[in-house]
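Please have the sequence and the model at hand while reading.

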Amino acid sequence: QFFMENGIPYDPEYVFHDVRSAVQGVHTSGLLHSQILADLETYLDKDSGTSDLLESLVSQGKQLFLITNSGFPFVDAGMKFLIGNHWRDLFEVIITKARKPKFFNESKRPFRIYDPQTNSESYDRVLKLSKGKIYQQGNYYMLQDMTGWYGFNVLYFGDHVYSDLADPSLKHGWRTGAIIPELEREIIRSNCLEYQQAVKWLNILQNLIENAQMDTTQDTTEIRQSWLDERKEIRNYTKSLFNAQFGSIFRTYHNPTYFSRRLARFADLYMSNVRNLLNYPIEHTFYPRRMELPHEPHV
């Protein structure tokens, strides 16, 4: 948008690589973490319900584990802010600097014990994973061997479809849940009166256009063209209600976006915040909706 508005020639591929390098650089340099640590109240919601959820799960006999690519000092500061100094007591296993998605694919990288007091890693071989200790690196296969956690017995949450969810779901059979903060705004938009009225009229227009195709008279052809023009306007309008440039992250007009299709492939559940689970009892089962196929009658 910047290049187009200012008449600057550009190659989209170069822009993509530069933006990706900038985002990666902010992460690997530690700049992102240092900025967040300097102002936790701005970036973290202390009243998010995370503490209530974790303590509820533990009290009902669930075993919790944490696998994160971040280093322990960053994780520790954030978790103390959200939950309190006792946060480590809630987890059976804590793994930092996991290097996902490699964690789920490589089998030779061992676990190492991290000492928060000296900010150093031990050279002792890790033969078991103990509660209260901090581990770094490691791999999925050693985690399974040392804990016995496997397949549908595990429900794993993450906020990155590929790094967190793809391999656990497809290769290892874990149940997976995606955390998508943008979903909250999308739900609000899709439930607003303007959007619902526009979609209803859009569906009516679509049926009119489809049924009018069999009539090839000039009058009907002209009317159909006016409907097509109106359909285009409404489609752009519904798209703009989510984002003026990109529309919804879940839908492109009638079709799901690529992100939405990947999400359906890799995640059993998705939600805006993990605290949403507090609205359901521990034994609750989520059932998928029956999807209507193109050749099936509308029921």
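Are phenylalanine 65 and tryptophan 174 buried or exposed? Phenylalanine 65 is buried, and tryptophan 174 is buried too, where buried means under 20% relative accessible area, exposed over 50% and partly exposed in between, with a 1.4 Å probe and protein chains only.

## Basis of the model

The model is predicted, so that local features need pLDDT of at least 70 and side-chain atom pairs count only at pLDDT 80 or more, while totals for chains, interfaces and linings use all residues. Residues are numbered from 1 along each chain as its sequence is written, and side-chain values use heavy atoms, with hydrogens and water left out.

## Aromatic pairs

The structure holds 21 aromatic pairs; rings of Phe, Tyr and Trp (its six-membered ring) pair if their centres lie within 6.5 Å, and planes under 30 degrees apart count as stacked, over 60 as edge-to-face and the rest as tilted. The pair of phenylalanine 65 and tryptophan 174 is edge-to-face because the ring centres are 5.7 Å apart and the planes stand at 65 degrees.

Both residues belong to one aromatic cluster, whose members include Phe103, Tyr135 and Trp149.

## Charge over a ring

The charged end of arginine 235 sits over the ring of tyrosine 253, 4.1 Å from its centre (CZ of Arg or NZ of Lys within 6 Å of the ring centre and within 35 degrees of the ring normal). Likewise, the charged end of arginine 112 sits over the ring of tyrosine 123, at 4.6 Å from its centre.
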